[in-house]
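Subject: Structure handover

Dear colleague,

Here is the structure you asked for, with notes on what turned up in it. Please read the notes with the model open.

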Amino acid sequence: MARTAVKKRRKTKRGLAIALTIVCIIAVIAAVVVFGVYRGMHIVLKAELGEGAPDASAFMKDGSKASYVGDSDVSLTEEGTYLLTVKSDSASRKVVLIVRDTMAPQTEAKDISLTIDDKTLAPEDALTEIKDASEYTVAWKTEPIYGTAGSYDCAIELKDSHGNGQTIKTTIKVLGVIDVLTHEAGTPRPTLKDFMVVERDNAELLTDLGSIDWTKLGDNTVEIKFDNTTYTSILRIVDTTAPVPDLVPVAVKVGGEVTADSFAVGCDDATEVKYELASKPDTSKKGSFDVDIKAADAAGNEAEVKGKLIVCDDIVEFEASTDTLSESAVLDKLGADYAGYTMETEPFMLNSLGAHEVKLTKDGVSKTVGVNVKDTTAPTADGIKCECSTGYYCEPIKFLENINDVSTVKASFVTEPDWDTEGEQEVEIILTDRAGNSTTVKATAVISPDKTAPTIYAARDRYCYVGEAVAYFKEVFAVDNADPEPELTVDKSKVNAKKVGEYDVTYTAKDHEGNSSSVTVKFKFIENKVTDEMLDAEVNKVLDRILTDDMSLEKQAYAIFDYVYSNVLYTGDSDKTDWKAEAYRGLTKGVGDCFTFYSTTYALLQKIDCQVLSVERLNGRTQHFWCLVNLGTGWYHFDACNVGPQHLRCFMKTSEELVQYSVQYWRFDTSLYPQVETRPYVMEN
């Protein structure tokens, strides 16, 4: 029996050996087959959930091109093992793609500030968009303390349905007042309202804002108290604006020296500005030359501008005035050496500061003289009681009337009122003219709660064109006694812009305090004869001819005025229902009446950087049309019609100036328009 058992064990071992041999042979054969079939390929790849199948070429070890056979759209929301077919070199092979979710939800913390009145904050609101291929949860690990001002280090935990997670750390501020209030130097000072992030009637400034040096850049601590708690805010004074130098032409004798400072009579900048010449000008020969000047303020903001240098034989000086320069006045200044010379240059008014080139001749000999106009007289003005609204800044110029000077003036506070305190307060205002002469004027601020509604200007009956987009806010704007940006809305629900007809349009203006006013006008829709494209083409032809890149805004405006005044012939007829057609007619035919002059002017002015309003004569026997224009110095009359009283060239005129020519001709409904300036406009160099 023992032998039999041994024999059986030997047979079993031989069977196992044979079986193993067969398995090995099969495995070798399978390996050879797989190696042969899948040589150069990855049989299995892994992919992240949500990314879909990789490009089929990813299965190729050598990066050769391949493509999927059939549907390769792998689920974006489910983990799994996917059997795909890849085709390469005309051979299709089965491959395996294992899709797993191994990434935590992705997001970043946001800068979040709450107020002490906020009672809660959802954790996801403190994060940017959360991205994950599966469902996820968001929860606070550490929350801020609501209702108590402070800066809190917080943590938010994110987990997805496959167990991946991460913790996001963030800092959340709970504010009682503005954390950092950034103030641009030279702009109106902030008030208590600007520091508040919650509404409190018992809030008060503990810091005297008048004690702060508003020209010094940097941080200042401001304390505000309310609800028996003192809060601290940082007032950060910055200067991010490049200087805007105010330059005048400068005269120098042949061979003379000139400095960059001599061109600048002032600069619109809140900090000290220094000037330098980009290169030394050549003064060896007479003429008028451009000079490049670099200006840099204390904050490092820079600008490069062009000045005008007049190289001449002699220089004379005159005090600025409204007088006209005469030949005799120039010769008297020059003395006996210029006896017998005559002035070839046209006379001009002595109200434009800086040097002017004047040519004199005698017996064929020509001399160039620089006539330098200087202003050494300080401006004058009367201080008045100015009604202001609690909590709102009021421009210092509004505290003055009867301002008198030959050049432009600017006003600024020496002592500024406390805008948050009701009652009368005495203020001091410094009035400075373009030449730097100044005077101080006392006035009174009368501060009380704002109960005045905004005023809506330039809302009037208008003609519009069927089928065209309607610019309801063109020209129309609102001005408030306190709120610098009152809300202006329009109700156009009754308008059918696709049908000829007359429709009511209502404008409503509302300020921050809820005071409101409304105006209803008629919009009359007519068929369009001239398209915008047609009109723009003609406008651009003219502007390309009369404007140059180096022109100032006022020179652009004057070029437009002069073109219309000189190139349109008055024939006494026009279609006063269609301003586009008349503008087109004025530009292409050069004929029409005052409405044509107005329409042509309006079309051209719209293309430069100015404000323009349309005006119609009030209660006249006949109609008359013109423009009000603001070039940044206030509103003035702009009427290029060349057949008005005494053929006046009505460029930037005050109402007082026009009354001298006619009481009726330019009469208009002043309630529809902002106040026209009373100081005569001065053409700068």
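The side chains of E357 and K359 form a salt bridge, with N and O 3.6 Å apart; a salt bridge here is a side-chain nitrogen of Lys or Arg within 4 Å of a carboxyl oxygen of Asp or Glu. E357 is partly exposed at 26% relative accessible area, and K359 is partly exposed at 38%. On this scale, buried means under 20% relative accessible area, exposed over 50%, and partly exposed in between, computed with a 1.4 Å probe on protein chains only.

Before the rest, a note on the source: this is a predicted model, in which local features need pLDDT of at least 70 and side-chain atom pairs count only at pLDDT 80 or more, while totals for chains, interfaces and linings use all residues. Residues are numbered from 1 along each chain as its sequence is written, and side-chain values use heavy atoms, with hydrogens and water left out.

Other salt bridges

The whole structure holds 25 salt bridges. One of them joins E513 to K193 at 3.0 Å, N to O. E513 sits in the loop between β33 (501-510) and β34 (516-526) and K193 in helix α2 (residues 192-195), so this pair ties together parts 320 residues apart in sequence. Helices (H or I, at least four residues) and strands (E, at least two) are DSSP runs, numbered from the N terminus. E513 is partly exposed at 40%, as is K193 at 41%.

K385 and E424 form another salt bridge, their closest N and O atoms being 3.1 Å apart. K385 belongs to strand β24 (residues 385-389) and E424 to strand β27 (residues 423-433), so the pair links parts 39 residues apart in sequence. Both K385 and E424 are exposed. Shared partners also join D117, R200 and D227 into one salt-bridge network.

The four-stranded sheet

Strands β19, β22, β21 and β20 form, in that order, an open sheet with mixed pairing; two strands pair if DSSP finds at least two bridges between them. At the edges are β19 (314-319) and β20 (342-343), each pairing on one side only. Strands β21 (residues 354-362) and β22 (residues 365-374) are antiparallel over nine bridges, and T361 stands opposite S366 in β22. The loop between β21 and β22 contains D363. D363 has a positive phi of about 50° although it is not a glycine, and at 75% relative accessibility it is exposed.

E475 is in the loop between β30 (462-465) and β31 (477-479) and is buried at 15%. Most residues other than glycine have a negative phi.

Helices α6 and α7

Helix α6 (residues 579-588) packs on helix α7 (residues 594-605) at about 90°, with the axes 8 Å apart; axes are lines fitted to C-alpha atoms, for helices over the stretch in contact, and angles run from 0 to 180 degrees between N-to-C directions. The two helices are therefore roughly perpendicular, the term for 65 to 115 degrees, whereas under 35 counts as roughly parallel, over 145 as roughly antiparallel and the rest as oblique. Residues in contact (heavy atoms within 4.5 Å) include W579 and L587 in α6 and F595 and Y602 in α7.

Regards
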